[in-house]
Amino acid sequence: MSMNMAASAATTARPLYLIKFPKRPHLLSDSQFRPRLLSSQTQRTTIRATSAVVVESDLSTKQDQGTDVDLFACPICYEPLIRKGPVGLNLSAIYRSGFKCKRCQKSYTSKDGYLDLTVTSGLRDYIEVQPVRTELFRSPLVSFLYERGWRQNFRQSGFPGLDEEFKMAQEYFEPAKGGLVVDVSCGSGLFSRKFAKSGTYSGVIALDYSENMLRQCYNFIKKDDTLSTTNIALVRADVSRLPFAPGSVDAVHAGAALHCWPSPSNAVAEITRVLRSGGVFVGTTFLRYSSSTPWIIRPFREAMGF
């Protein structure tokens, strides 16, 4: 198994590609979503053989800390949530705040150190079975082991190592300095904490579907005095239903995660929706197979989802 770009499913090394996209997605005339036009710059995606998908911009997120309307949005209708409590993106302020959707009248609160912004938040009698590759990382054991050898073992599959991966992401995120970064499928927060410590961004949101991964992330943050007052928030959310308004995020990171998503195409569409025009998305993943993989093995890897 080798590492490559999510957009390249056939080879482990390809020449540089340049794909141009419209400045904004096409919307139906009756659509309720109307992203603001922030720049006349041309949005572009650069796909490189360094296992990253990038959309570059020089835009930054400006947060209004003096309003009750929060940067988080309802995962059901995408309306900005009304926040009651102390302002700020740090763990303490988020934990002591209550969030409510004015349209849906649904409330969201924090528990175990993270804010639950899934569609099923607060429901007791509803259980949704996820694919095996998704449920695996909700396991307490895997969550505990993830940063204690599991993730480091990815080097055997072609990943360059945590420090090099972080350096690569920082280079691509250069246009997003001073903005809001969302680390989706953050796991135990390996990269979320690095982004927050760098002091490069106005805020970092560590987002994952796994409750146990977020608990691990919370424990790591609490043990690090340098992160106690940093603008970092822990959020439980579905990557296919991100709790942000359209065009409200400057950069999104997904490290070794795309292969775990139930529907990568839906997730990438969601990431595109929440990114500002020309926002930056960096993602790395595993290939199910490459051009050198024997044809007889390929169906088995496809069936396993890895």
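These are my notebook entries on a predicted model of one protein chain.

**Ground rules.** I number residues from 1 along each chain as its sequence is written, and side-chain values use heavy atoms, with hydrogens and water left out. Since I'm on a predicted model, local features need pLDDT of at least 70 and side-chain atom pairs count only at pLDDT 80 or more, while totals for chains, interfaces and linings use all residues.

**Whole chain.** I looked up the secondary structure and got eight helices and 16 strands (DSSP runs numbered from the N terminus: helices are H or I with at least four residues, strands are E with at least two). Of the 306 residues, 50% count as buried (under 20% relative accessible area, 1.4 Å probe, protein chains only).

**H4 and H5.** Next I checked helix H4 (residues 162-172) against helix H5 (residues 190-198): their axes come within 11 Å and cross at roughly 55 degrees (axes are lines fitted to C-alpha atoms over the stretch in contact, and angles run from 0 to 180 degrees between N-to-C directions). Who meets whom? On the H4 side I noted Phe166 and Ala169, among others, and on the H5 side Phe191 and Phe195 are among them (contact means heavy atoms within 4.5 Å).

**Aspartate 224.** Where does aspartate 224 sit? I found aspartate 224 in the loop between helix H6 (211-222) and strand E13 (232-236). Aspartate 224 is buried, at 16% relative accessible area. Its side chain has a polar contact of 2.5 Å with the side chain of threonine 226 (a pair of N or O atoms within 3.5 Å, one able to donate a hydrogen and the other to accept it; residues adjacent in sequence count only if both atoms are side-chain atoms).
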